[in-house]
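Hi,

Here is the structure I promised to pass on. Have a look at it first, and then read on for what turned up.

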Amino acid sequence: MAEAAVCTSAEEILERYAATVFSAAYAMVKNRADAEDIAQDVFLSYVRAKPVFESAAHEKAWLLRVTANRCKSFFRSAWQRKTTGLAEDFPDTPFTAAETSVVDAVNRLPQKYRQVIYLYYIEGYATGEIAALLGMPQNTVLSQLARARRLLKTALKGEFDDV
Amino acid sequence: MYKDDYVSAFGKLAPREAWKADTLAKMRALEARRADPFASDAAVPEAPDRRAVPFAARVRRAALPVAALVMLAILPVTTLRGCGAGGGNSSMNAAAYDGAAPQTVLEADNGSYSLADAPEAAPHDAVVGAYDTAAPAGEAAPRNAVSCDSAPCAAAAESFAGAGGTREKSEFASGEKPFGTLAAADLSVASVRFEISDQAALIEDYEELAALLNDVAVCEQGDPDAEHDGEGFVFTLTFTDGTQTEVRVYPAFLVIDGAGYRAEAEACDALSRYALRLLEAPPARP
């Protein structure tokens, strides 16, 4: 399958990556309003920086990296809103009970585990790619992933992933 | 497996359409302003910068245009008299001053120096040229500097040359000191805050700030969004002519008005320690 081309306009990048950036931010900050603020900030950063990308994968990785940095800054600030939960944040979206409980369980993990879980399972990055994206050793990513799975196994009373 | 539920739940998440429309509008506005920096559209989202400056600083900032307008009425006459008393070396005649003053008044009428938007208009002035539309006092100073021997005229010209030379540039070469010529007298208001949070402090000792900024040397340019880690300190500097510069300080990295530079770690650390000291014990506000 041919790889998607790099976006050339604001409309295009927003259309293609709005959901990705928003859900990445939501996975980390656990709050819809904060996630929207961060995602908007990421897209405005894109306009300010006007980075040149080699490929669509590079483009997506840049946006996710900026999102992760913004979320890190967010957690150091005093302006975090209260976490409300999936059903309250998305009242019009029909989630199953299993979906709600597993997302709540993941949301109770520390932020560093949540971002690794998100990038590994939702975005489908390999541990080496996550390490490059977050600027940390691959072994750290592997150990964080393993600890996150162990914590989820306890919380959910079952394996999160049977790898 | 639970991971399937997790993946399917995130597959349902999407931002609101209203958010997308709002974001797109802001992106377009920002693009338009970057394409045409002289456009008068002030609706581009620079809200964090406005929020960073405390109310007292805004009042002090507004005082500058008012003082400039008052000086506009007085300075041409007094300067003309001063040049005449100095021996009549000035080639500027009364007609030339008459020509200069209405032009500046017209700019003031256009809103450049109104109370509400003077700081936002100021960066445009800096790009156009330090003397073309700078504060009314600066309007007279360079002209006098050519032909007037009086000490106040020369001093004014030197001061504006030092400050304008720093702020006209938007990019700096490796090894350059962006604030190498900055003097405490060039600053009218300075504040510092933590990035994102609203914890801010007004800076009152411009000498120390200027000395620290003088030492900052930049290396090559870097991505202002991706090449630094952690929270930085944001210095908002308002100069005596109303122009404003924002300097974000990170470990070994600086962002000057949105442009990122790798920088000497020692100078950045010194600025960070200075910011932290001010924020932990903010000085008494006037």
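**Where the two chains meet**

About 4300 Å² of area is buried between chain B and chain A, and carbon and sulfur atoms give 63% of that. On the chain B side, the residues that lose the most area to chain A are B:Tyr2, B:Tyr6 and B:Asp225, which together account for 17% of what that side buries. Please keep in mind that this is a predicted model.

In residue terms, 56 residues of chain A and 38 residues of chain B take part in the contact.

**Polar links across the interface**

Between chain B and chain A there are eleven residue pairs in polar contact, counting pairs with both residues at pLDDT 80 or more. As for where the chain B side comes from, H1 and helix H2 (17-35) of chain B each supply at least two of the residues that touch chain A. H2(B) gives the largest share, eleven residues. Sorted by class, the side of chain B that touches chain A has 16 nonpolar, five polar and 17 charged residues.

One pair to look up is A:Glu36 and B:Arg16, whose side chains meet in a salt bridge at 2.7 Å, N to O. This pair joins two chains, because A:Glu36 lies in helix H2 (residues 32-49) of chain A and B:Arg16 in the loop between H1 and H2 of chain B.

**A helix pair to look at**

Helix H6 of chain A (residues 111-122) packs against helix H1 of chain B (residues 2-11) at an angle of about 85 degrees, and their axes are 10 Å apart. Angles of 65 to 115 degrees count as roughly perpendicular, so H6(A) is roughly perpendicular to H1(B).

Which residues make this contact? From H6(A) they are A:Ile117, A:Tyr118, A:Tyr121 and A:Ile122, and from H1(B) they are B:Lys3, B:Tyr6, B:Val7 and B:Phe10. By class, the contact of H6(A) with H1(B) has seven nonpolar residues, one charged residue and no polar ones.

Conventions:
Residues numbered from 1 in each chain as written. Chains lettered and ligands numbered in written order. Predicted model: local features only at pLDDT ≥ 70, side-chain atom pairs only at ≥ 80, totals over all residues. Heavy atoms only, no water. Axes fitted to C-alpha atoms, helices over the stretch in contact; angles between N-to-C directions. Helix = DSSP H or I, 4+ residues; strand = E, 2+ residues; numbered from the N terminus. Parallel < 35°, antiparallel > 145°, perpendicular 65-115°, else oblique. Contact = heavy atoms within 4.5 Å. Nonpolar A, V, L, I, M, F, W, Y, C, P; charged D, E, K, R; others polar. Buried area = accessible area lost by both parts, 1.4 Å probe. Polar contact = N/O pair within 3.5 Å; in protein donor to acceptor, adjacent residues only side chain to side chain. Salt bridge = Lys/Arg side-chain N within 4 Å of Asp/Glu carboxyl O.
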